[in-house]
Amino acid sequence: MSLESTKADDIAVVIEEAIVSGELAPGSVLRQEQLSERFGVSRTPVREALRRLAALGLVSFEPNRGVRVRTLTHHDLREAFLVRAELEALVTEIAAQKMTPEALEELAEAESRFSRLTKEVRSHEPGGGRRSLMSEWMRANHAFHDVLYRAADMPYVESIAKGARRTFSAPTVWAPVDEELDRLYARNQAEHRAIRQALVAGSVAGARELAREHVMHSFALLTTILEHVGADWARA
């Protein structure tokens, strides 16, 4: 791997993290000259990094406007979750046939951490630290599913599924938790427990169906949060 390619990888990771954390908001313009100066490199690795982010659906190249952090429509988001639902159902089905006692223990630990953070989110009052809490909650959610990816050992499917997972670039969005959101958060938490219990019981079909439903219920949770904060997106 060339030095330029390595630099492009490093730059892409930093920008991706800024997008995923919400530091770079949808619609933000990314200027190559500013990025070159920031990272102390020529424009070549910067352009390559931006191409890689575009392939992930995180940015778009717009004629005469440069590169922008992608703004998703409701349709875009639903499509990404439909892809995730089918692929994560497949991954969970395969993982169910390969789970070891060690993997089940790791999954239980991931579920416990996610449960704790979900309770914090549901009870969190307005004030400082909301973004960091939501970011931690999202990472804990991913960590639960990542145990299944590792158990399934399907790197190609994993790369596609995680690409769809990256499509929504603002997991740190927080909204005041009303009765509806509280119910959706509680359901999300309970579904992690149900998936783990199905895996412990060796229910391959059950775990697969629970995983598919869970992803689409996560879509409902996310869209409800966005509606609560008045997100400006097209419902095409």
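1. Phe-219 lies in helix H9; helices here are DSSP runs of H or I with at least four residues, strands are runs of E with at least two, and both are numbered from the N terminus. At 9% relative accessibility, Phe-219 counts as buried, where buried means under 20% relative accessible area, exposed over 50% and partly exposed in between (1.4 Å probe, protein chains only). Leaving aside neighbours within four places in sequence, Phe-219 is in contact (heavy atoms within 4.5 Å) with His-74, Leu-77, Arg-78 and Phe-81. The C-alpha atoms of Phe-219 and Phe-81 are separated by 6.5 Å, although the two residues are 138 residues apart along the chain.

2. A word on the basis of these points. This is a predicted model, in which local features need pLDDT of at least 70 and side-chain atom pairs count only at pLDDT 80 or more, while totals for chains, interfaces and linings use all residues. Residues are numbered from 1 along each chain as its sequence is written, and side-chain values use heavy atoms, with hydrogens and water left out.

3. The N-terminal end of H9 is capped by Ser-203, with a side-chain oxygen 3.2 Å from the backbone nitrogen of Gly-206.

4. The secondary structure of the chain comes to 9 helices and 3 strands. Along the sequence the pattern is α-β-α-α-β-β-α-α-α-α-α-α. Of the 236 residues in the chain, 44% are buried. Among contacts with a separation of 6 or more, 75% are between residues 24 or more positions apart.

5. Beyond four places in sequence, Ile-195 is in contact with Thr-92, Phe-144, Leu-148, Leu-210, Ala-211 and His-214.

6. Asp-146 is found in helix H6 and, at 16% relative accessibility, counts as buried. Its side chain makes a polar contact with the side chain of Lys-162 at 3.5 Å; a polar contact is a pair of N or O atoms within 3.5 Å, and within protein one must be able to donate a hydrogen and the other to accept it, with residues adjacent in sequence counting only if both atoms are side-chain atoms. Not counting residues up to four places away in sequence, Asp-146 touches Lys-162 and Arg-165.

7. Asp-153 lies in the loop between H6 and H7. Asp-153 has a positive phi of about 55° although it is not a glycine. Most residues other than glycine have a negative phi. Asp-153 is exposed, with a relative accessible area of 56%.

8. The 3 strands form an open sheet in the order E1-E3-E2, with antiparallel pairing (two strands pair if DSSP finds at least two bridges between them). Strands E1 (29-30) and E2 (59-62) stand at the edges with a single partner strand each, so one side of each is left without a neighbour in the sheet. E1 is joined to E3 (residues 66-69) by 2 bridges, and Leu-30 stands opposite Val-67 in E3.
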